[in-house]
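Biologist: Before we talk, could you put the sequence and the model on the screen, so that I can learn how to read them feature by feature?

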Amino acid sequence: MQYISTRGQAPVLSFEEAMLSGLARDGGLYVPQSVPQFSKADIAAMAGLSYEEIAFRVMRPFIGDTFTDGQFAEIIAKSYATFGHDARAPLVQLGPNHFLLELFHGPTLAFKDFAMQIIGQMFQAVLARRGEKLTIVGATSGDTGSAAIEAFRGLEAVDVFILFPNGRVSEVQRRQMTTPSEANVHALALGGDFDDCQARLKDMFNDFTFRDEVRLAGVNSINWARVLAQVVYYFSSATALGAPHRSVSFTVPTGNFGDVFAGYIAKRMGLPIDKLVIATNQNDILHRTFVTGAHRKEGVTPSISPSMDIQVSSNFERALFDAYGRDGNAVAQVMDELKEQGGFNVSQGAMEALRETFASGRASEEETSRTITEALAHTGELLCPHSAVGVKVADEHLDPATPMITLATAHPAKFPDAVEAATGIRPPLPSRMADLYERPERMVEVDNDLGVLEEFIRGHRAA
Ligand SMILES: *Cc1c(COP(=O)(O)O)cnc(C)c1O
């Protein structure tokens, strides 16, 4: 299995190289050259298997000879042993034909753990074999950073630097990043918003001298291995509800388009997915793109669902690549327009291709809050605000013929202020992390300045 860049100008890589390098050297994102196909029988055979067994079957065709079957099974077992639920990704029912996929039972209480735990294990195995060390830099709106620090803390072969927007993450998110005491993890509070963090990260990757000097690697959702790990729960949940013998739809609370793109890959592999519904908060660039055909940035307005406060939706580039018939030059051109003019018009053909698979909707702050209140009243479920954006938008796309699965992307205790404001209930942390508020914090405030950041990273690497 080989990986190519969405901009067509970077070297073709193996899974192992694509995982270690993150962003392609032409500024594009790596995607598989072809998508493995699962037959109806392959999918039917997943019914009743454990999450780990489904993970093995779904990911195996993508990883080439990076790991033996035995090594890969062991990596998967270790990755999900840290979860607080034996099903890993359990489904609960919200109403007639509407289900919630709980993706928040991992060590940092958000779906990012599904990918980050296994990326940590894969990096460790590959680097140990190669006798190499890397510097991982990540940008986070809160959940990626905590998941990355949790996954990489204490690993010898990596130093981890996480940029988060100062003052714009929840207290639980911040504490999950600032309380691990291992010397190889660094939480950097950047003076700016998430898009600034992501822009500085991209700048570092495009500074090839720095990139090569510190052996920079990325674990943001631009990293293909993360997308791949997220494909698994589309299969586990759809087969639990009767796929491949019937179709299902998904609604996905979206910021960077990574999670919903994983659903698109599942569909391309043969999973019968009817609609993939993109759910945005008031930072609705993706919803506006589907309504108007123009992909245009506006300022980020902080919301009660901060992990989706994004206007530069990196993984959308992967969907555009397919929508433009895998024409890397066309993608490079619209991405340049986005950078220089703040937006571009999606071609009519590409827009039609996108609308075949994706639908979209948006939830205002008030609608999000009301959905949290109403879900509790009608189902007893406490939703985190991101999941509530999903449930609100899913409700507008329900179809009696097709089960709808809404992804619950975080545990309500990760965003207790918004949940308490909507319900009067302050959701407690699961007992396995109940002392989070007492642990000492450690973080560094940094300017939104590439030179300053690179200097800090150079000076604080151990590897
Ligand atoms: C990251 C995140 C999202 C958005 O996921 P993308 O892959 O960026 O679309 C939604 N909800 C929560 C809780 C998150 O942490």
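Biologist: How far is an oxygen atom of the ligand from a polar backbone atom of F257?

Modeller: A polar contact is a pair of N or O atoms within 3.5 Å; within protein, one must be able to donate a hydrogen and the other to accept it, and residues adjacent in sequence count only if both atoms are side-chain atoms. In this structure, a polar backbone atom of F257 lies 3.2 Å from an oxygen atom of the ligand, and a backbone N or O atom of D259 lies 3.0 Å from a ligand oxygen. The protein covers 97% of the 380 Å² of accessible area that the ligand has on its own, an area found by the Shrake-Rupley method with a 1.4 Å probe, where for residues only the protein chains shown count as cover.

Biologist: What should I keep in mind about the model itself and its numbering?

Modeller: This is a predicted model, in which local features need pLDDT of at least 70 and side-chain atom pairs count only at pLDDT 80 or more, whereas totals for chains, interfaces and linings use all residues. Residues are numbered from 1 along each chain as its sequence is written, and side-chain values use heavy atoms, with hydrogens and water left out.

Biologist: How many residues surround the ligand, and which are the closest?

Modeller: A residue is near a molecule if one of its heavy atoms lies within 4 Å of it. Here 15 residues surround the ligand, the closest being K112, D143, G255, N256 and T409. By class, this shell has five nonpolar, seven polar and three charged residues, where Ala, Val, Leu, Ile, Met, Phe, Trp, Tyr, Cys and Pro count as nonpolar, Asp, Glu, Lys and Arg as charged, and the others, Gly among them, as polar.

Biologist: Is S313 buried or exposed?

Modeller: Buried means under 20% relative accessible area, exposed over 50%, and partly exposed in between (1.4 Å probe, protein chains only). S313 counts as buried because its relative accessible area is 6%.

Biologist: Which backbone features deserve a second look?

Modeller: Most residues other than glycine have a negative phi, and most peptide bonds are trans. In this model, F257 has a positive phi of about 70 degrees although it is not a glycine; F257 lies in the loop between β10 and α11 (258–269), and with a relative accessible area of 1% it is buried. R215, also not a glycine, has a positive phi of about 55 degrees and sits in the loop between α9 (208–213) and β9 (216–218), where it counts as partly exposed because its relative accessibility is 34%. The peptide bond from A243 to P244 is cis, with omega near 10 degrees, and P244 is found in the loop between α10 and β10 (248–253).

Biologist: How far apart in space are P96 and P400, and how far in sequence?

Modeller: A C-alpha separation can be read beside the separation along the chain. P96 and P400 are 304 residues apart in sequence and 8.0 Å apart in space, C-alpha to C-alpha. P96 is found in the loop between β4 (91–95) and β5 (98–102), and it counts as exposed because its relative accessible area is 77%. M404, in strand β15 (residues 404–408), is buried at 2% relative accessibility, and its C-alpha atom is 6.2 Å from that of N97, 307 residues away along the chain.

Definitions and conventions. Helices (H or I, at least four residues) and strands (E, at least two) are DSSP runs, numbered from the N terminus.
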